[in-house]
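I opened this one to see how the chain is built. My notes follow in the order I looked things up.

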Amino acid sequence: ENKALPPKSKPRPRLEVKNGDILITRASGVARLVGRASQVISTREKLMICDKIFRVVEPDETRVIRDFITKILGIHHVRGQIEREFSTESGMMKNVSKPVLLGLTFPLPPVPEQQKMVQALGDARTKAFGMRADAAALRAQAWADFEAAVYAAEDADDAADLIAAAS
């Protein structure tokens, strides 16, 4: 979500979102969103980073790739470190500080291994997405078979046989 700048405000170029930026949610009323990261693939001009977001400074890509950074912040061990350090200074809003994020610990494999891991995760997620679509189609077909059998059956035994035959 984003909001337009007030009419009298001028955009600040240093706060403009750029393609390739890694953005981390600093604060949210939803705990699972705090500390989550995403990489900007495409953006429009003059979109400013809000005060609830941190931008990761240009990572040294000889040591860590952008996709690895965005994925590592989602693993259980790292999420636990973030969630243990939440502050709630503003009521219900959960916050994570820059020192907490900079102090996170996790293994940092060589870049080629990071690339392989990120690719494997992407492949698995693509496969899972396809399996979910297949499962949804199977559920829809099962309900259609059930409904057809209910209206086509002469009695309960006949309905059960029709459903079994359709499966």
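This is a predicted model: local features need pLDDT of at least 70, side-chain atom pairs count only at pLDDT 80 or more; totals for chains, interfaces and linings use all residues.

**Entry 1: elements.** I then read the order along the sequence, and the pattern is β-β-β-β-α-α-β-β-α-α-α.

**Entry 2: overall dimensions.** I looked up the radius of gyration next. The chain has 24 Å, whereas a compact globule of 167 residues would be near 15 Å. The C-alpha atoms fill roughly 75 × 45 × 35 Å. For burial, I found that 27% of the 167 residues are buried. Of the contacts between residues at least 6 apart in sequence, 65% join residues at least 24 apart.

**Entry 3: the sheet.** Which strands form the open sheet, and in what order? I found three strands in the order β3-β1-β4, with antiparallel pairing. β3 and β4 are the edge strands, each pairing on one side only. On average, neighbouring strands of this sheet are turned by 25° against each other, direction ignored. I then looked at one pair in detail. β1 covers residues 22-25 and pairs with β3 over three bridges, in the antiparallel sense. Within the sheet region I picked out L23, which stands opposite S38 in β3.

**Entry 4: K46.** I went to the loop between β3 (37-39) and β4 (53-55), where K46 lies. Is K46 buried or exposed? The cut-off for exposed is over 50% relative accessible area. K46 has 56% relative accessibility, so I logged K46 as exposed.

**Entry 5: R66.** R66 is found in helix α1, residues 66-72. I checked the accessibility of R66 against the buried cut-off of under 20%. R66 has a relative accessible area of 15% and therefore counts as buried. What does R66 touch, leaving out residues up to four places away in sequence? My list reads G20, D21, I22, Q39, E58, P59 and E61. With E61 there is also a polar contact between the side chains, at 2.6 Å.

**Entry 6: helix α2.** I listed the buried residues of α2, which covers residues 76-84. They are V78, R79, G80, Q81 and I82. Where do these buried residues pack? I found them against α1 and against α3 (98-102).

**Entry 7: T126.** I moved on to helix α4, residues 111-152, which holds T126. T126 has a relative accessible area of 57%, so I logged T126 as exposed. Last, I took one distance from T126. A166 is 40 residues away in sequence, and the C-alpha atoms of T126 and A166 are 29 Å apart in space.

Note on methods
Residues are numbered from 1 along each chain as its sequence is written. Side-chain values use heavy atoms; hydrogens and water are left out. Helices (H or I, at least four residues) and strands (E, at least two) are DSSP runs, numbered from the N terminus. Buried means under 20% relative accessible area, exposed over 50%, partly exposed in between (1.4 Å probe, protein chains only). Two strands pair if DSSP finds at least two bridges between them. Axes are lines fitted to C-alpha atoms, for helices over the stretch in contact, and angles run from 0 to 180 degrees between N-to-C directions. A polar contact is a pair of N or O atoms within 3.5 Å; within protein, one must be able to donate a hydrogen and the other to accept it, and residues adjacent in sequence count only if both atoms are side-chain atoms. Contact means heavy atoms within 4.5 Å. The radius of gyration is taken over C-alpha atoms; the globule rule is 2.2 Å times the number of residues to the power 0.38.
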